[in-house]
Amino acid sequence: MHDIRFIREHPAAFDAGLKKRNLAPLSAELLEIDKRRRGAISESETIQSKRKALSQQIGIAKRKGEPADALMAEVAGLEASLKKGEALAAELDAELTRRLEVLPNLPVDDVPDGIDETANVEVRRVGNQRNFSFPAKDHVALGEATGEMDFAAAAKISGARFVFLKSRLARLERAIAQFMLDLHTSEEGGYTEVNPPLLVRDNAVYGVGQLPKFAEDMFRTTAGLWLIPTAEVPLTNLVADEILDERDLPMRFTAGTPSFRSEAGAAGKDTRGMIRQHQFMKVELVSVTTPEQSAAEHERMTACAEEVLRRLGLAWRVMLLSAGDMGFGAQKTYDIEVWLPGQGTYREISSCSNCGAFQAQRMKARYRPAEGRGTRPVHTLNGSGLAVGRTLIAILENYQHEDGSVSIPPALQRYMGGQKLIEHHG
C-alpha cells in the first residue's frame with residue numbers, strides 16, 4: 001500500500017506512476033482527504049489538551065472548596081466535541097485507507113509503458129528450440145497416451161481444470177519439485193526451505209495485496225480461511241508485524257506447495273490440459289531485503305529461476321513486463337517463458353517481481369538500519385522457481401519421441417530411480 005507521506009512530498013511523481021499504470025491522477029483527492037483527517041486529529045488534540053487543563057483547574061477548585069460547576073459543564077461540552085472529532089478522524093482515516101488499498105504499486109522508471117502484454121520487452125533468449133522430424137504433440141496427447149494423465153476422471157469428481165497424474169507422471173512431478181527445492185536450498189541457491197500452512201487468514205492475503213481487490217480469484221473455506229493462491233502469501237507474511245535487524249537481511253525462503261486459484265477471469269482460456277488449473281504444484285521463492293539490495297536481489301532471483309531451466313536443458317526467454325501487464329503489487333516484473341514445441345510458442349513458467357515497500361507497508365514489516373535511527377519498511381520480492389506443472393508440460397513436449405515416449409532429463413534421473421524413459425503404453 002502507498003505511504004501517504006510519499007504522496008504529500010511527491011504528488012507529481014505519484015500521479016506520473018498512476019499514469020504509467022493507465023490510471024487517472026489521484027494525488028489531489030487523496031491529499032484533500034488527508035488534510036481533513038489531519039485537521040480532525042489536530043483539533044481533537046487541542047480539545048484534549050484544553051480538557052486536561054480544565055480538569056486540573058477543577059481539582060484545584062475542589063481542594064479549595066470553591067465552586068466548579070461551570071468548569072465541569074465546559075469539560076462535558078469538550079468531551080462531546082472530542083468524541084465527534086475522533087469519530088470524524090477515524091472515518092476519514094478509513095476512507096483514505098479504502099482509497100489507497102485498491103491502488104496498484106507504482107512502476108519503476110525502466111518498466112516499459114503500455115496497456116497490456118503487447119508492450120512487454122524481450123530481455124534475452126536462451127537455449128535452442130527443439131526441432132523434430134515429426135509433428136510435435138502437446139502434453140495432453142503425450143500424457144494421455146501413457147495412461148497416466150487423466151482429465152476425465154478428475155472432471156467427474158472435481159469438475160474442469162483438474163487432473164489425475166498417476167504412476168510415472170506422478171513421480172515425475174514429485175521429482176521436478178524435489179529437484180527445484182534441492183537446487184534452491186543448496187549453498188549456491190541460498191534459500192531456506194519452509195513447509196508453510198496452506199490455509200491463511202484475511203490479514204495474510206491482505207498483506208501481500210490479494211485483498212480486497214482479488215477476493216474472487218481465491219478459494220475461501222466456510223471457516224473463513226483462504227486457500228493460498230501461491231506460497232508467496234505465507235512466506236512473505238513470515239515478517240509481518242516484525243522489526244528486523246539489517247544484519248539479518250536479505251532473508252530468502254522457498255517452499256514447494258499446492259496452490260489454488262479460482263481462475264475467475266479465465267473463462268474459455270487455456271481450457272485444454274494443465275496450463276491453467278484450479279490446483280497446481282509450485283515452488284516459490286521469496287526474498288526480504290533492504291531498499292538498497294532489492295534491485296540486485298531481483299536479478300539474482302530471476303537467475304535462480306532460470307538456472308532450473310538451464311539444468312533441465314530447456315529453451316526460454318525473459319520478458320520485462322510493461323506497466324499495464326504487471327501484477328497489482330509489483331513495481332517491476334520479469335516473466336520467464338519456456339518453449340513448448342507442442343504449442344509452437346513460449347509460455348510463462350515463472351514470474352519474478354520486486355514489490356519494493358508496497359507489501360511491507362500493508363504488513364507493517366520493517367527493519368532497523370545498522371546506522372541511523374528509527375525503522376524503515378523492508379522490500380519484498382517473490383517469484384516462481386518454477387511452476388511444477390508447467391515444467392512437467394515442458395519436459396513432456398521437449399523430450400518427446402515420435403512413438404510418444406518421453407526421455408527424462410539427466411538432472412531428474414536420480415530422482416526417478418535411474419529411469420531414463422517413459423514409454424508409450426499404446
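**Sheet first, then the whole chain**

Me: Which way do β4 and β8 run, and how many bridges join them?
Reply: This is a predicted model. In it, β4 and β8 (residues 251-260) run parallel, and two bridges join them.

Me: What stands opposite Glu193?
Reply: Thr254, over in β8.

Me: OK, and in what order do the strands of the open sheet come?
Reply: The eight strands go β1-β10-β11-β12-β15-β9-β8-β4, with mixed pairing.

Me: Why is one side of β1 and of β4 left without a neighbour in the sheet?
Reply: Because β1 (121-126) and β4 (192-193) stand at the edges, and each has a single partner strand.

Me: Which strands does helix α10 touch?
Reply: Helix α10 (residues 291-312) packs on the sheet and touches β1, β8, β9, β10, β11, β12 and β15. Its direction makes about 5° with that of β15.

Me: And what does α12 lie across?
Reply: Helix α12 (residues 388-398) lies across β9, β11, β12 and β15, and runs at about 35° to β15.

Me: Switching topic: how many helices and strands are in the chain?
Reply: 13 helices and 17 strands. The C-alpha atoms fill a box of roughly 105 × 45 × 40 Å along the principal axes.

Me: What share of the residues is buried?
Reply: 50% of the 426 residues. The accessible surface is about 20200 Å², and carbon and sulfur atoms account for 50% of that.

Me: Last one: how many positive and negative side chains are there?
Reply: 54 positive and 58 negative, with the centres of the two sets 3 Å apart.

Methods
Residues are numbered from 1 along each chain as its sequence is written. This is a predicted model: local features need pLDDT of at least 70, side-chain atom pairs count only at pLDDT 80 or more; totals for chains, interfaces and linings use all residues. Side-chain values use heavy atoms; hydrogens and water are left out. Two strands pair if DSSP finds at least two bridges between them. Helices (H or I, at least four residues) and strands (E, at least two) are DSSP runs, numbered from the N terminus. Contact means heavy atoms within 4.5 Å. Axes are lines fitted to C-alpha atoms, for helices over the stretch in contact, and angles run from 0 to 180 degrees between N-to-C directions. Buried means under 20% relative accessible area, exposed over 50%, partly exposed in between (1.4 Å probe, protein chains only). Accessible areas come from the Shrake-Rupley method with a 1.4 Å probe; for residues, only the protein chains shown count as cover. Lys and Arg count as positive and Asp and Glu as negative; His and the chain ends are not counted. The place of a charge is taken as NZ of Lys, CZ of Arg, CG of Asp or CD of Glu.
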